Amino acid sequence: MIAASPGRAGAPVVVELPRRSGAPTVAVPPRGGRTLPAVGLRTKWIRPVVLACLVATATSGCGLSAEIDRERDPGRTSAPDPVPSVVGTDAAHAPHAAGTSTGDPLVIVVPGAPKALPLQQDRGCPPSGLRLDAGPVDAAMGLRGMTLTLTDCGKRPYKVNGHPAVTHVLDGEGAPITGVHSVVGTDKVPMAPADPGPEPFTLHPGDSARAVLYWRMAAQYGTYLRVAPQKGQDAVILRLPAFLDIGPDNTLGTTAWAPAS
């Protein structure tokens, strides 16, 4: 409460502020009156109070918005606003090398580009005169199958008697997938069709042979296949038309080459 006591004409009107922490009485002159020395006391009292309020505002959020928040939620039960998700990076938060982490939420791990691989050319006939191609993946109840085709695109006949020699299944960066084993035949691949076994035959220029790769579904994808027409021959690397979901630990079985009908 503020109490104002009337006085004689020309006498100051005394306004009593609340007695908080020994607040002094301030004499305010009437309109048209001269400034009294008590105003100096008022200035000395207000200056530390304003300073204290500014400090409190900066340190404890006693501003208007903070006060409104306290009124809306006295018990501070509402959750804070979520931090917006990060979609990209800027120059100050450039991605680090694959497989590293800095704890900075702005860092996005970007896989490195595949290293240079000696891929078989997409079209035409390789210098060997033999071309290998991979077909689409067939899937049924966790069993996977992919057809390999061997074509004599050269000018000389080629004798066939055996299985394709798969040496590695490679991931998207060209690294071998850990624990994948290639075996001759299909006995070690559950539910795979039986391997008819090898029979000798000859591919003449323009002829083709086919074999099938079988494996069970797993979580890691293969992107490239290193394979040779037969054991002991030079291998080529094929970019597969579909992923081999075969890794990290699995068995890849192969049937023997057979003349394409």
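Tutor: A residue counts as buried under 20% relative accessible area, as exposed over 50%, and as partly exposed in between. Keep these cut-offs at hand; the structure above is a predicted model.

Student: How many aromatic pairs does the structure hold?

Tutor: The structure holds one aromatic pair. The ring centres of Tyr221 and Phe243 are 5.1 Å apart and the ring planes meet at 15 degrees, so this pair is stacked. The cut-off behind that word is an angle under 30 degrees between the planes.

Student: Which parts of the chain does the pair tie together?

Tutor: Tyr221 belongs to strand E11 (residues 220–228) and Phe243 to strand E12 (residues 236–247), so the pair ties together parts that are 22 residues apart in sequence.

Student: Now the whole chain. How many helices and strands does it have?

Tutor: The protein chain has two helices and 14 strands. Of its 261 residues, 27% count as buried. The chain exposes about 17200 Å², and carbon and sulfur atoms supply 58% of that area.

Student: What share of the contacts with a separation of 6 or more is between residues 24 or more positions apart?

Tutor: The share is 64%.

Student: Is His163 buried or exposed?

Tutor: His163 has a relative accessible area of 13%, which is under the 20% cut-off, so it is buried. Leaving aside neighbours within four places in sequence, His163 is in contact with several residues, among them Val184, Asp195, Pro229, Thr254 and Trp257. His163 and Pro229 are 66 residues apart along the chain, while their C-alpha atoms are separated by 7.6 Å.

Student: Which residues does Leu117 contact, leaving aside its neighbours within four places in sequence?

Tutor: Those residues are Gly174, Tyr224 and Ile237. Leu117 itself sits in the loop between helix H2 (64–72) and strand E4 (130–140). From Leu117 to Glu173 there are 56 residues in sequence, and 9.4 Å in space from C-alpha to C-alpha.

Student: Where are Met141 and Met191 found?

Tutor: Met141 is in the loop between E4 and strand E5 (143–152). Met191 is in the loop between strand E8 (180–184) and strand E9 (201–203). With a relative accessible area of 70%, Met141 is exposed. Met191, at 54%, is exposed too.

Student: How many residues separate Met141 and Met191 in sequence?

Tutor: They are 50 residues apart in sequence, and their C-alpha atoms are 9.2 Å apart in space. Leaving aside neighbours within four places in sequence, Met141 is in contact with Met191 and Arg216.

Student: And Gly142, is it buried or exposed?

Tutor: Gly142 has a relative accessible area of 16%, so it is buried by the 20% cut-off. Gly142 lies in the loop between E4 and E5. Its contacts, apart from neighbours within four places in sequence, are Trp215, Arg216 and Met217. Gly142 and Met191 are 49 residues apart in sequence and 9.2 Å apart in space, C-alpha to C-alpha.

Student: Which peptide bond is cis?

Tutor: The bond from Gly247 to Pro248 is cis, with omega near 5 degrees. Pro248 lies in the loop between E12 and strand E13 (250–254).

Student: Last, the pockets. What is the volume of the largest pocket?

Tutor: The volume is about 160 Å³. Residues that line the largest pocket include Pro127, Leu130, Asp152, Lys155, Arg156 and Tyr158. By class, the lining has four nonpolar, three polar and three charged residues.

Student: In which class does a glycine such as Gly129, one of the lining residues, belong?

Tutor: Glycine counts as polar in this scheme, and Gly154 is another glycine in the lining.

How values were computed: Residues are numbered from 1 along each chain as its sequence is written. This is a predicted model: local features need pLDDT of at least 70, side-chain atom pairs count only at pLDDT 80 or more; totals for chains, interfaces and linings use all residues. Side-chain values use heavy atoms; hydrogens and water are left out. Helices (H or I, at least four residues) and strands (E, at least two) are DSSP runs, numbered from the N terminus. Contact means heavy atoms within 4.5 Å. On a 1 Å grid over the protein atoms alone, a cavity is a set of points where a 1.4 Å probe fits but cannot get out, and a pocket is an open set with protein on both sides within 12 Å along at least five of seven lines; lining residues have an atom within 4 Å of a point. Grid points are joined across faces, edges and corners, and a volume is the space filled by probe spheres set on the points. Rings of Phe, Tyr and Trp (its six-membered ring) pair if their centres lie within 6.5 Å; planes under 30 degrees apart count as stacked, over 60 as edge-to-face and the rest as tilted. Buried means under 20% relative accessible area, exposed over 50%, partly exposed in between (1.4 Å probe, protein chains only). Accessible areas come from the Shrake-Rupley method with a 1.4 Å probe; for residues, only the protein chains shown count as cover.
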